[in-house]
Amino acid sequence: MNKLSNHQINYILSLADSTLILGQRNGEWCAHGPILEQDIAITNITLDLIGQARNFYQYAALLINESENKNETEDSLAYLRTEREFKNHLICELPNGDWAQTILRQFFFSSFQLLVFEQLEKNNDEQIAAIATKSIKEINYHIKWSSEWVIRLGDGTDESHNRMKNAIEALWNYTGEFFIPADYEMIDVASLKASWLEKVKTVFEEATLSVSENTFMQTGGKNGIHTEHLGYILAEMQSLQRTYPGAEW
Amino acid sequence: MSDLIKEHIYKILEQVSDPEIPVLTILDMGIVRDVISDDQNNIEVIITPTYSGCPAMDAIAFDIKMKLIENGYTHVKVTYTLQPAWTTDWMSEDGKNKLKAYGIAPPQNISSRINKLLFSQEENIECPQCHSTNTKLLSEFGSTACKALYQCNDCKEPFDYFKCH
């Protein structure tokens with residue numbers, strides 16, 4: 001397999017991994033949301049994320065099978081790869097924390113995802129472009145929902161404001177990884193930083209919040225070097241397929 | 001392929017409903033993109049998902065196969081396409097009327113006019129029970145990925161709204 005297609009496959013897998021792992025995390029809120037409507041909202045967003053992951057895994061499997069004569073499927077890629085093979089952003093695998101932290105992460109991630117997918121929509125690869133176009137319609141709803149919650153809590157009570165501040169401190173140094181390129185990435189992620197920051201600051205201003213002054217940024221996830229949390233997620237998510245290989249519903 | 005076969009297959013597909021909104025056929029939903037057949041009577045039905053994570057797609061593909069097999073088409077393949085992306089504009093007028101009669105407010109604007117303004121809601125969503133347009137958004141996310149939850153300020157009844165997409 002040549003280097004170019006190898007990069008392409010790795011990039012598609014990284015897009016799939018981030019949406020799958022964030023979906024898996026958000027799914028932990030199912031039946032634990034603060035109120036019923038928001039429980040339903042976060043799990044609906046989860047469904048969109050896992051749907052996007054499926055589209056990327058299916059396409060990655062197709063490309064791998066074409067170039068390497070293998071027999072990968074969306075399931076084998078999600079359930080049978082190890083921690084070092086996952087290329088998701090670290091921020092996706094962090095524990096949910098409280099509601100403030102969960103919605104702030106969604107806001108950071110969805111705002112970044114929109115910028116990425118707006119680039120991918122113009123990609124020469126028609127399937128990647130099609131997945132991006134499809135996903136953008138969903139991401140717009142995720143951004144609207146999470147922005148509103150950031151404002152509601154930031155500009156809410158002392159308690160909710162403090163929780164948002166704590167969430168910013170907990171997550172901020174995981175946002176730099178969005179814009180530090182990995183060698184396989186097909187778009188220039190560094191160039192998206194200014195637009196992302198502008199979006200965040202606009203919402204934060206209305207939420208009476210400020211960005212963190214912390215400038216140290218954690219990296220590694222995109223190259224398979226993860227926090228201690230990913231192993232536990234995979235253990236839970238993959239246990240059924242590892243124990244009963246090929247099991248189907 | 002002969003137009004006759006194609007027409008026949010579309011007639012059969014009219015009997016396949018959306019498992020989550022059984023009053024709508026998959027043709028009302030606008031998710032059938034094309035039907036192709038060759039000389040050997042191999043049929044390919046091309047469908048597109050409403051949302052990336054729509055869990056009904058596998059059930060729909062299965063139902064399409066079963067319905068066509070019942071009608072004598074034994075070599076049936078269902079394939080998915082994402083391009084062009086489905087929007088609520090693809091839903092038929094007939095479909096929108098059926099939704100309303102079923103108690104779900106149909107999508108009201110063209111999909112490109114989604115209101116991204118924060119804390120906004122779509123205006124003049126009609127309550128499917130009492131037809132008042134004095135309604136409010138309860139949640140942007142409802143019982144399925146394609147619906148939002150609204151409530152009527154007059155008759156107080158909560159209802160699903162099929163959101164523009």
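**α2 against α6, chain A.** I looked up how these two helices cross and found that α2(A) passes α6(A) in a left-handed crossing. The model is a predicted one. I read the axes of α2(A) and α6(A) as coming within 11 Å and crossing at roughly 165°. I then listed the residues that make the contact. From α2(A) they are A:Ala41, A:Ile45, A:Asp48, A:Gln52, A:Asn55, A:Phe56 and A:Tyr59. From α6(A) they are A:Gln127, A:Ile131, A:Ser135, A:Glu138, A:His142 and A:Trp145. I sorted the residues of this contact by class and got 6 nonpolar, 5 polar and 2 charged.

**α6 by itself.** I checked the axis for a bend and found one of about 30° at A:Ile136.

**α5 against α6, chain A.** I turned to helix α5, residues 99-120 of chain A. Its axis and that of α6(A) come within 8 Å, and the two cross at roughly 150°. I noted the crossing of α5(A) past α6(A) as left-handed. By class, I have 16 nonpolar, 8 polar and 1 charged residues in the contact of α5(A) with α6(A).

**α7 against α6, chain A.** Helix α7 of chain A runs over residues 158-171. I found α6(A) and α7(A) packed at an angle of about 125°, with their axes 7 Å apart. The two helices are therefore oblique to each other. For the contact I wrote down A:Val150, A:Leu153 and A:Gly154 on the α6(A) side. On the α7(A) side I wrote down A:Ser160, A:His161, A:Arg163 and A:Met164. The residues of the contact of α6(A) with α7(A) divide into 3 nonpolar, 3 polar and 1 charged.

**Chain A against chain B.** I looked at what each chain puts into the contact between them. Chain A gives 25 residues and chain B gives 19 residues. I asked which elements give two or more residues to the side of chain A that touches chain B, and found α2 (36-68) and α6 of chain A. Of the elements on that side, α6(A) gives the most, with 15 residues. I also sorted the side of chain A that touches chain B by class, which came to 9 nonpolar, 8 polar and 8 charged residues.

**Chain B, layout.** I counted 4 helices and 9 strands in chain B. Reading along the sequence, I get the pattern α-β-β-α-β-β-α-β-α-β-β-β-β for chain B. I noted the span of its C-alpha trace along the principal axes as about 60 × 30 × 25 Å.

**Backbone checks.** I found a cis peptide bond joining B:Gln83 and B:Pro84, with omega at about -5°. I placed B:Pro84 in the loop between β5 (76-80) and α4 (93-102) of chain B. I placed A:Asn69 in the loop between α2 and α3 (74-79) of chain A.

Technical notes: Residues numbered from 1 in each chain as written. Chains lettered and ligands numbered in written order. Predicted model: local features only at pLDDT ≥ 70, side-chain atom pairs only at ≥ 80, totals over all residues. Bend = angle between axes of the 7 residues up to and from the residue. Axes fitted to C-alpha atoms, helices over the stretch in contact; angles between N-to-C directions. Parallel < 35°, antiparallel > 145°, perpendicular 65-115°, else oblique. Contact = placed C-beta atoms within 7 Å. Nonpolar A, V, L, I, M, F, W, Y, C, P; charged D, E, K, R; others polar. Left-handed = near helix turned anticlockwise from the far one by under 90°.
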